[in-house]
Amino acid sequence: MAGQRNDYGQRSHFQPDYAGNGGGSKRRNADEEIEQHGIGPEDTVYRYLCHVKRIGSIIGRGGEIVKQLRSDSRSNIRICEAMPGCEERVVIIYSSCEETNPFGDGHDELVSPAQDALFRVHDRVVAEQLPAEEDFEEQTHLVTVRMLVASDQIGCVIGKGGQVIQTIRSETHAQIRVLSNEHLPPCALSSDELLQIVGEPAVVRKALYHVASRIHDNPSRSQHLLLSSLSNMNPPGGMYMNSPLMGSYGNYSSRRDDGSAREFSLRLVCPVGNIGSVIGKGGGIIKQIRHESGASIKVDSSAAEGEDCIIFISTKEFIEDPSPTISAALRLQSRCSEKTERESGDSVITTRLLVPSSQVGCLIGKGGAIISGMRNATRASIRILSKENLPKVAYEDEEMVQITGSLDVASNAFSEVLLRLRANIFEREACGDECIAKDDLRARISLPYTMHCCSMSCSWLWKL
């Protein structure tokens, strides 16, 4: 399938449906797609930082320039409002991963609309800051590009032991760095990394191409949550948008019947020694994650026994919206997990989640089919621990799910588990008492990566 990830988390090379002679009729109406397209899990997404003094070069009077950029590239471009104390604004560029746009001097290469738009934006920003009397290729003036990259995505730019980033440096002669967290601007999310490229214009453009290509091939596993996170940081009216924001924090949710909403909560087990990194100085970290995700997060250290305490996350949610609870849990995962090193020197994390015994069946499946499918798909160690191995902070009617792997692997597995639990909550409450009485039936008809409602009268199907 085009755009699908391979076994290593990378996207397979895409072949457009309309490639070849006479195939153009199969192409969807791009303007219609731009109007309706949110960020999907396989889309190409870039977040380019632009200094507030140069933002006019890509907005234009009345938004004329950004509208033209969208039209020419057939991509989504959203310019976030400036934040207090921040000299940069985030330019979010995203599109389908389909490589449809001609690129390069000879237009002999196809790239995604988002990658095309990224360079259209970049070229305008660079042109704004350079002397006009010299050609772009002959410029010796140094320019700087800064981009926000999700923490589960930055590895594709760095590579094992820094091999990839070193290769890009050698081939382009650009200065490329992933800056430490203290350099993150206020407009960044807590899960972001800051990538910086410095050099002469032609050098920086070449390096940016290498970086953009790797980000295109390795989409972030949490990028579908990006717009809802940013909408909580920036009011929808404070963005230059080409379509209304339809998410759990926009006006759309407020017009729906609250009766269809469900309370979705999680209990994460956190080592007492990790609490400082969860809360942060003066509560700064946990406040930021609450703000970004929109979820209620409580650290229950009063119930701590032994070496563990509980982090409780909850939100009232609609099934069709991005989940604030899952968004918060993914942001907290690396902070509340145990970190160890294997003999090979690779770092692994262990995430622990307490699940009511009545719900754990949706993670196991008939004969362990579901949990085996998740293990195979994510390559993580996923275990349901026996009662004697539960921490003291667990309730009598709870079981513990334990996930172990590298940060990327464990994050992917954690997402799979959380999505299944969320789907199960909506399924059970929609079906009522009949559904609660049929846990065994649910396990028998649940197949890997598909969650079926156990009542044949229910009309929806939740696919992970």
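How many helices and strands does the protein chain have? In this predicted model, the protein chain has 17 helices and 17 strands. Of its 464 residues, 51% count as buried, and the chain exposes about 21,900 Å², of which carbon and sulfur atoms supply 47%. When contacts in the protein chain with a separation of 6 or more are considered, residues 24 or more positions apart account for 70% of them.

**An enclosed strand and its partner**

- Strand E11, which covers residues 308-317, is largely enclosed by the rest of the structure, because eight of its ten residues are buried.
- Strand E9, made up of residues 262-271, pairs with E11 in the antiparallel sense, and the pairing runs over ten bridges.
- Within this pairing, the residue that stands opposite Ile311 of E11 is Leu268.

**The second largest pocket**

- The second largest pocket holds about 780 Å³ of space, and its lining is made up of 40 residues.
- Ala150, Ser151, Ser190, Ser191 and Asp192 are the lining residues that lie nearest the centre of the second largest pocket.
- Three strands, E1 (44-51), E6 (143-150) and E8 (192-199), are among the elements that give two or more residues to the lining of this pocket, and the helices that do so are H8 (226-233), H11 (284-293), H12 (324-336) and H15 (407-431).
- Helix H12 provides six residues, which is the largest share of the lining of the second largest pocket.
- Sorted by class, the lining of the second largest pocket consists of 17 nonpolar, 16 polar and seven charged residues.

**Two arginines with positive phi**

- Arg74 has a phi near 55 degrees, which is a positive value in a residue other than glycine, and Arg74 is found in the loop between helix H3 (64-73) and strand E2 (76-79).

Notes
Residues numbered from 1 in each chain as written. Predicted model: local features only at pLDDT ≥ 70, side-chain atom pairs only at ≥ 80, totals over all residues. Heavy atoms only, no water. Buried < 20%, exposed > 50% of the residue type's maximum accessible area, 1.4 Å probe, protein only. Helix = DSSP H or I, 4+ residues; strand = E, 2+ residues; numbered from the N terminus. Pairing = 2+ DSSP bridges. 1 Å grid on protein atoms, 1.4 Å probe; cavity = no way out; pocket = protein on both sides within 12 Å on 5 of 7 lines; lining within 4 Å. Points joined across faces, edges and corners; volume = space filled by probe spheres on them. Nonpolar A, V, L, I, M, F, W, Y, C, P; charged D, E, K, R; others polar. Contact = heavy atoms within 4.5 Å. Areas by Shrake-Rupley, 256 points an atom, 1.4 Å probe, with all protein chains shown as cover.
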